[in-house]
Amino acid sequence: MTDRSYRFTHAVTRAPAPSIVRGLRAVDTGTPDLGRMQQDHADYIAALRATGAEVIELAPLADYPDSVFVEDTALCLPEGAVIMRPGAPSRAGEPAKMAPVLRTLYGEVLEIAGPGTIEGGDILVTEREILVGRSARTDAAGIAELAGLVARWGYRLREVAVPAGVLHFKTDCSLLDAGTILATPRLAASGCFDGYRVIHTAEGEEAAANTIRFNDLVLMPAGFPKTAARLAEAGYAVREIGNSECAKLDGGMSCLSLRFTPKG
Ligand code: CIR
């Protein structure tokens with residue numbers, strides 16, 4: 001096994017815009033506070049930088065309330081990047097804002113042309129395969145198009161089901177190292193992680209499932225002490241980041257960055 005699924009030289013983030021108050025959400029639990037989100041975002045970026053990575057911070061995009069959630073705009077692999085095609089109409093223009101940035105970092109940048117849709121939050125890249133969740137945002141045609149594009153780089157893609165009512169596949173899981181996944185019991189019960197070591201989120205802490213392993217750290221949303229303790233016991237270096245405002249928009253740790261090591 002290699003460490004290529006969690007060791008990265010680069011990350012790209014985008015600052016939240018004041019329009020974040022109009023961001024998409026499944027259930028309205030209150031208006032996100034921009035100031036608090038900016039503070040949490042700064043902590044998040046500092047944690048990424050503390051691992052030695054270069055973090056590129058993009059300017060806010062007022063026209064796209066959800067544009068802080070950059071993960072959904074692209075899939076970044078060592079060999080190249082693939083620009084996504086979001087299933088949420090209000091987010092359809094976001095990938096075109098990310099593409100020029102990735103073109104400065106990668107030799108090869110491909111694009112999902114459609115008609116299918118696919119968002120980065122539904123894609124989990126592990127050591128041995130690319131898992132893609134079929135969700136309300138990611139459909140069969142989007143998955144098929146991605147499979148065709150990444151085949152040239154030798155990747156195997158496996159479609160998995162996202163539980164009803166869950167926004168993205170990675171809302172409920174994350175990669176902790178080459179062979180280990182953190183997942184909610186409801187997602188793991190589907191058997192989609194057979195062959196991996198799975199650590200479950202603690203009961204009532206399902207919202208802790210969206211973490212990121214980034215170099216030596218695991219960034220996780222603050223406020224889930226039982227799951228944090230499980231990760232620490234398993235030997236991971238956990239860094240808790242405030243996520244109260246992004247959580248109001250169904251966002252977590254993975255959504256806030258693209259993470260990658262461009263080859264060459
Ligand atoms: C949305 O509904 O699209 C945003 N409010 C949240 C996106 C979260 N992104 C992610 O999990 N990758």
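Reader: Before we start, what are the ground rules here?
Author: It's a predicted model, where local features need pLDDT of at least 70, side-chain atom pairs count only at pLDDT 80 or more, and totals for chains, interfaces and linings use all residues. Residues are numbered from 1 along each chain as its sequence is written, and side-chain values use heavy atoms, with hydrogens and water left out.

Reader: OK, how many residues surround the ligand?
Author: There are 13, and the closest are D66, E71, D72, R91 and L249. To be counted as near, a residue needs a heavy atom within 4 Å of the molecule.

Reader: And what classes are they?
Author: The shell has six charged, five nonpolar and two polar residues. Ala, Val, Leu, Ile, Met, Phe, Trp, Tyr, Cys and Pro count as nonpolar, Asp, Glu, Lys and Arg as charged, and the others, Gly among them, as polar.

Reader: What does the side chain of D66 do with the ligand?
Author: One of its polar atoms lies 2.8 Å from a ligand nitrogen atom. R137 has a side-chain N or O atom 2.8 Å from an oxygen atom of the ligand, and for H168 a polar side-chain atom is 3.0 Å from a ligand oxygen. A polar contact is a pair of N or O atoms within 3.5 Å.

Reader: How much of the ligand gets buried?
Author: The protein buries 99% of the 350 Å² that the ligand exposes when taken alone. Those areas come from the Shrake-Rupley method with a 1.4 Å probe.

Reader: Which pocket is the ligand in?
Author: The largest one; sitting there takes more than half of its atoms within 2 Å of the pocket's grid points. A pocket is an open set of points on a 1 Å grid over the protein atoms alone, where a 1.4 Å probe fits, with protein on both sides within 12 Å along at least five of seven lines; lining residues have an atom within 4 Å of a point.

Reader: What's its volume?
Author: The largest pocket holds about 820 Å³, the space filled by probe spheres set on the points. It has 41 lining residues, and L167, T171, A247, D250 and G251 are the closest to its centre.

Reader: What about the second largest pocket's volume?
Author: About 510 Å³. Its lining counts 31 residues, with S5, F8, C76, V125 and R259 closest to the centre.

Reader: New topic: where's the cis peptide bond?
Author: Between G114 and P115, with omega about 15°.

Notes:
A polar contact is a pair of N or O atoms within 3.5 Å; within protein, one must be able to donate a hydrogen and the other to accept it, and residues adjacent in sequence count only if both atoms are side-chain atoms.
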